[in-house]
Every structure is written in structure tokens, then in C-alpha cells.
Amino acid sequence: MSNQFPSSRLRRLRQSESLRTLFQETEFSVNDLVLPIFVEEETSEYVPIEAMPGVLRIPESRLAFEIERYARAGIRSVMTFGISHHMDATGSDTWNENGLVARMARICKDTVPEMIVMSDTCFCEYTSHGHCGVLHDHGVDNDATLINLGKQAVVAAAAGADFIAPSAAQDGQVQAIRSALDEAGFIDTSIMAYSTKFASSMYGPFREAGGSVLKGNRKQYQMNPMNRREAVRESLMDEQEGADALMVKPAGAYLDVIRDIREASRLPLAAYQVSGEYAMIKFAAQAGAIDERAVVRESLGAIKRAGADIILTYFAMDIAEQGL
């Protein structure tokens with residue numbers, strides 16, 4: 001036979017569905033997914049989020065029902081975000097023992113004790129200015145915010161949250177939260193740090209979902225999307241401060257960063273497929289431009305392939321109900 005023909009033919013392992021499945025290198029399942037949820041107090045109505053088709057604000061009175069529904073479908077973990085009707089300059093309702101942060105965690109754990117509850121630990125949905133901490137003339141006061149993050153974390157832990165998930169993007173937040181939790185006796189409560197959180201343009205739909213009143217931006221404390229080396233540095237600092245798991249947010253446009261951090265750290269690594277990523281897939285599918293089911297699974301598989309162990313995604317229930 002002429003040597004002009006290849007002796008190595010990679011197509012041999014792609015000839016059938018069975019072969020392709022056998023040699024598939026990356027897999028994910030519903031067990032790898034966390035469902036972010038939005039819970040609104042003082043309302044009895046579900047509120048559709050127009051920028052995120054298929055996602056609803058859940059009335060607090062229906063949270064137990066929804067948690068049971070998620071559990072039946074196979075969802076094992078949720079990340080809670082509250083839509084507060086008690087905003088003030090510091091977001092003080094977050095450290096109220098009977099405030100929305102505490103109530104969400106308590107309802108989830110009382111309803112399905114085995115559900116892993118991650119409490120988003122920030123202030124942007126609870127402050128009258130929409131920023132992630134104590135606002136002074138020069139911007140967000142990092143160190144004053146650390147004190148309040150510690151108070152919020154303790155309240156969430158006391159209510160039953162399994163993970164404190166600080167997303168305020170303040171320097172030293174993991175160390176401050178770990179110290180506050182330990183001093184309050186919550187030495188077994190874990191921290192999943194939003195360790196590499198970019199000042200992304202892909203958060204737009206979340207602002208509607210969370211009822212944000214933000215004016216301006218958060219570029220002073222969230223990361224520059226163009227900085228790759230700093231991204232790794234941010235995550236390694238959180239590891240040194242005591243984080244139990246790290247996170248990259250957003251996910252799809254930052255697969256290189258996920259891979260870099262995966263190679264630099266042995267901690268569990270999460271990635272957050274954010275509201276803008278969700279919306280792009282949804283609206284493209286509605287326009288007939290893509291196959292939603294296929295693209296959702298390809299996008300989640302790519303995040304897993306890049307090195308994420310855990311994926312936060314608004315598509316989690318679709319995966320749970322439809323299968324892979």
C-alpha cells in the first residue's frame with residue numbers, strides 16, 4: 001500500500017455512538033451541578049425574569065415547595081440569593097438572625113436536610129446603593145465590609161448553611177469569614193470563595209433577577225477581565241486564607257483561567273455559568289439559531305473539561321429533568 005495513506009486513523013474510534021461513548025474523555029452529571037435560586041420576601045407571586053427566560057423569582061412562601069421539587073429531580077445543591085425589601089446603607093438585614101439570609105437557609109435545610117445549601121455572602125441585594133459593602137466617598141470600604149461579612153456568615157451558618165460563599169470581592173474576605181465562623185463555633189462550616197470574580201459584562205440579567213439598584217460599576221473591587229496572572233493570584237490567596245473550595249466567575253469566556261487555577265491548586269474548583277451566558281443560549285435558541293439542548297450540554301462539558309469540579313448553572317434543573 002502506498003505510504004501516502006495514513007496508518008493512524010483517529011476516525012476508527014468515532015465510527016459509532018458506542019465507540020464515541022466508550023472513548024469520551026470528559027463527563028459530567030447532575031451531581032456536579034449547583035442550582036442558583038432567587039428568593040423574594042413579602043410576596044406571594046412568582047416573578048418571571050424577562051432577561052432569563054424560564055427563571056423565576058421564588059416567593060419565600062413557596063421556597064419549601066421548590067426545594068422539595070428540586071430534590072425529587074435529583075438536584076443536590078442550591079445557591080441562595082435573596083431579593084430583599086429591607087435595604088439600607090450597610091445591608092444590615094443580612095446579619096439579622098431572622099432576616100432573609102437566615103430564613104432562606106433555614107427553610108432549605110428544614111425542608112430537605114440533605115440538600116447542600118450555599119449561602120451567597122454579599123450585600124449588593126440588601127444595600128440601598130447596590131454595592132457589595134459599606135460605601136464611603138472613595139468607594140466601598142474594604143475593611144469595614146469585612147466585619148459585616150463575618151457577621152453575615154455567622155448568621156447563615158447558624159441557620160444551617162453548609163457553605164458560606166463570599167462574592168463581595170473584598171481583599172481578605174475569606175480570612176475574615178473563617179475567623180468569624182471559628183470564633184462562633186462553626187468550625188465545620190465550609191467556605192466556597194468566589195475567588196476569581198471578574199468585573200464582567202455578562203452579569204446584566206442578574207441585575208434584574210436580584211433587583212439590583214446599582215449605579216456605576218464594581219470595577220474597583222472585581223477583577224479586570226483581561227488579567228490572567230492576577231486571576232490565579234486571587235485564587236491562591238483565598239486558598240492561603242482558608243477557603244475550602246475556589247470558584248471562577250463567569251465560566252464560558254474564562255476557560256483558560258479555570259485551567260490555570262486547576263493546575264495551580266488542589267482545592268475543589270467551581271465555575272459559575274452566569275446569567276448572561278444563560279441568556280445568550282436561551283435567546284439564540286428562541287431565534288432558531290442553535291439547538292438549546294445540545295449547546296447547553298456542550299457548554300457545561302467544556303467547563304468541566306477545562307478543569308471545574310462543580311458548575312453553578314441555571315440549566316441544572318433542565319439537566320436533572322431531561323437527562324444528559
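# Exercises on a predicted model

Glu-66 is buried, at a relative accessible area of 5% (buried is under 20%, exposed over 50%, partly exposed in between, with a 1.4 Å probe and protein chains only). This is a predicted model: local features need pLDDT of at least 70, side-chain atom pairs count only at pLDDT 80 or more, and totals for chains, interfaces and linings use all residues. Residues are numbered from 1 along each chain as its sequence is written, and side-chain values use heavy atoms, leaving out hydrogens and water.

## Exercise 1

Step 1. Apply the cut-off: a side-chain nitrogen of Lys or Arg within 4 Å of a carboxyl oxygen of Asp or Glu.
Step 2. Helices (H or I, at least four residues) and strands (E, at least two) are DSSP runs, numbered from the N terminus.
Step 3. Compare cover: Arg-69 is partly exposed at 30%, whereas Glu-66 is buried.

## Exercise 2

Trace the salt bridge between Glu-60 and Arg-103.

Step 1. Their closest N and O atoms are 2.6 Å apart.
Step 2. Glu-60 sits in the loop between β3 (56-59) and α2 (63-73), and Arg-103 in helix α3 (residues 100-111). The two are 43 residues apart, so the pair links distant parts of the chain.
Step 3. Glu-60 is buried at 16% relative accessibility. Arg-103 is partly exposed at 22%.
Step 4. Widen the view: Glu-41 joins Glu-60 and Arg-103 in a network of salt bridges. The structure holds 14 salt bridges.

## Exercise 3

Step 1. Take the cut-off: a disulfide is a pair of cysteine sulfur atoms within 2.5 Å.
Step 2. The whole structure has 0 disulfides.
Step 3. Check cover: Cys-122 is buried at 2%, and Cys-132 is buried at 0%.

## Exercise 4

Describe the surroundings of Ser-195.

Step 1. Ser-195 lies in the loop between β9 (190-191) and β10 (196-197).
Step 2. Ser-195 is buried, at 3% relative accessibility.
Step 3. Leaving aside neighbours within four places in sequence, the contacts of Ser-195 (heavy atoms within 4.5 Å) include Glu-234, Asp-238 and Met-247.
Step 4. A polar atom of the Ser-195 side chain lies 3.0 Å from the backbone oxygen of Met-247.

Key
Polar contact = N/O pair within 3.5 Å; in protein donor to acceptor, adjacent residues only side chain to side chain.
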